[in-house]
Structure formats: structure tokens, C-alpha cells
Amino acid sequence: MKRVLILGGTGEAVAFANDFGRRAGIGAVYSLAGRTRTPAVPDCDVRRGGFGGAEGLVRYVANTQIAAIVDMTHPYAARMAANARAASEATGVPLFKYLRPAWEEPPDAPWRHAETASDAARIVGERGFGRVFLSGGLNDVDAFSSLTEVWFLVRGIDPPETAPALASHHFLAARGPFGIAAEKALMQAWRVDALVSKNSGGGATVAKLHAARDLAIPIVMIDRPRQADHAVYTDISLLTVAMENFLR
Ligand code: NAP
């Protein structure tokens, strides 16, 4: 039995674990950070919670005899991705990295680019937006706390355990996929005048970009964090073939 550690937290990771984990001779372990209260999980061994940095991951990989690490975390999970890389280098256990392709900026409707959530907050303040849709969950909302004149619509999977540090907001608990008509209706109902988004890629949450464009609502895009320059799979079937070849 070859044990494969799948670092998850994305729809693709669940689907891959369900498919690849069922193969003869493979023992898949699906790992979650454990922050979402009711996450989607695959039908294989699941573990939750951090490993304790790169050193903790090195210990986990050695102690549980992992043959390969598959990093299928979200494109913004840069710390986990760096830890996976470091643990792979330290242990010699190969790393297979999947990265969901990014959304492309329409040439005729350019985004305002932000490097970080704090940078997005600076842009929101400078542009004088008044009713802003924060569509990327609760992780980064604190970056907007100094904008006390701005009202925020915050959308995430789980309601917050403690109120976000925003002067004025409404929290909407919702899980994609979302459709364009519903996204337009949402933005109109709340009279949103700007959308702040991450470039998550994929089909589940792209409708907000189409809706904002149709409504001429400006988009502030928090660009993807830079990740180490190494081989990346952007296609699940190619990742599957590479894994099959390696584990043969
Ligand atoms: P991050 O900043 O890269 O990770 C922070 C810490 O959380 C890591 O150092 C690690 O703790 C732990 N961690 C992250 N992913 C893990 C995993 N799959 N299994 C075990 N521990 C994990 O990542 P994040 O932005 O907080 O994202 C956390 C998880 O949510 C990821 O799995 C990601 O795929 C998913 N997610 C993130 C976003 C987003 O916008 N960031 C969106 C959707 C889903 P230790 O150092 O203690 O090991």
C-alpha cells in the first residue's frame, strides 16, 4: 500500500481524492486545515488541522510513511504550499503541485489590481467606494477595518464566531456554485458599488465577475501570491497520469 498525502481544501482535491484514493494499492490521506465547520470531504482517510509548520509536516511524512505529497490547496494558501515544498525537499518525498488556472482579465473591462488585502483596502479608500462586496470569506476582512465610512457585504461559508472588525457590514453565509443572475440580483439588492475578489479561478465563483461587469461595478482583484517556481499541474488528468507513473 502506497500512502499519498493530499493537501486539500478545494473541490478539485475532494474529487481527486475520491477518484485516485480508490485505486488498488493506494492509501490516500486527505488533509484539511480544519477552519470550515462543515467542509466537503472525500471518501478516504481524512485528517484535520495544521501539521506545525514545515518541520511538523516533515515529521508527519516520515512517521506515516508517505510516498508522495499532492498539494491541491487553494491558490492563496501560500504558506501551506511553501511548507509542502520545504518538507518535500527535506525528506526526498516527491511533491506534485496542482494549481487551478487563474481567471483572465477582460481586456475591455480591466480590474484594479491589489497585491494583498491591505492593498485592496487602500484602493477602496482612495477610490471612495461606499458599499463594497467582500466575496472572499472572512480571512482577510480585518484588513478593511480602518475604512469606517464604508459599508461591506461579506460573504463566506460559515458565519463568523466573533464579529468582524468592520464598522458597518452584513454577513452572508453561502457556498458556491453561484449563478450570474443571482449574483447580479445580490449586488443590486445591496446596492454594491465595488467588488473585492481573489483570483481563485474555477467555475464555482466566477459568476460574480460577470455580474459585476454587466452592472459596470468596478472589480478590485487581489492578485495571487507568488509561489515557488516549480513544476505545477493545471490539469487534473495530467496530474493523475503523473501520479500513476510515479506509483507504478
Ligand atoms: P495558508 O495560509 O497557506 O495556511 C496556513 C496554515 O494552515 C498552514 O501553515 C498549515 O498549518 C494550515 N493548513 C493550510 N492548509 C492545510 C491543509 N490542507 N492541511 C493541513 N493544514 C493546513 O492557507 P489558508 O489560506 O489559511 O487556507 C487554509 C485551507 O483553506 C487550505 O487548505 C486551502 O486550500 C483552503 N482554502 C483557502 C482559501 C483562501 O482564500 N486562502 C480559499 C478556499 C479554500 P501548519 O503550518 O501548522 O501546518
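**View 1. Helix α4 against the sheet.** Helix α4 (residues 117-127) lies across β6, β7 (131-134), β10 (194-198) and β11 (219-222), and runs at about 140° to β6. Helices (H or I, at least four residues) and strands (E, at least two) are DSSP runs numbered from the N terminus; contact means heavy atoms within 4.5 Å. Axes are lines fitted to C-alpha atoms, for helices over the stretch in contact, with angles from 0 to 180 degrees between N-to-C directions. This is a predicted model, in which local features need pLDDT of at least 70 and side-chain atom pairs count only at pLDDT 80 or more, while totals for chains, interfaces and linings use all residues. Residues are numbered from 1 along each chain as its sequence is written, and side-chain values use heavy atoms, with hydrogens and water left out.

**View 2. The open sheet.** Six strands, paired in parallel, follow the order β6-β11-β10-β7-β8-β9. Because β6 (112-114) and β9 (169-173) at the edges each have a single partner strand, one side of each is left without a neighbour in the sheet. Neighbouring strands are turned by 20° against each other on average, direction ignored. Two strands pair if DSSP finds at least two bridges between them.

**View 3. Strands β8 and β9 with helix α5.** Five bridges join β8 (residues 151-156) to β9 in parallel; G156 has A173 of β9 as its bridge partner. Helix α5 (residues 180-189) lies across β7, β8, β9 and β10, at about 150° to β8.

View 4. L153 lies in strand β8 and is buried (under 20% relative accessible area, 1.4 Å probe, protein chains only), with a value of 0%. Leaving aside neighbours within four places in sequence, its contacts include V132, F133, H170, L172 and W190.

Definitions and conventions:
Buried means under 20% relative accessible area, exposed over 50%, partly exposed in between (1.4 Å probe, protein chains only).
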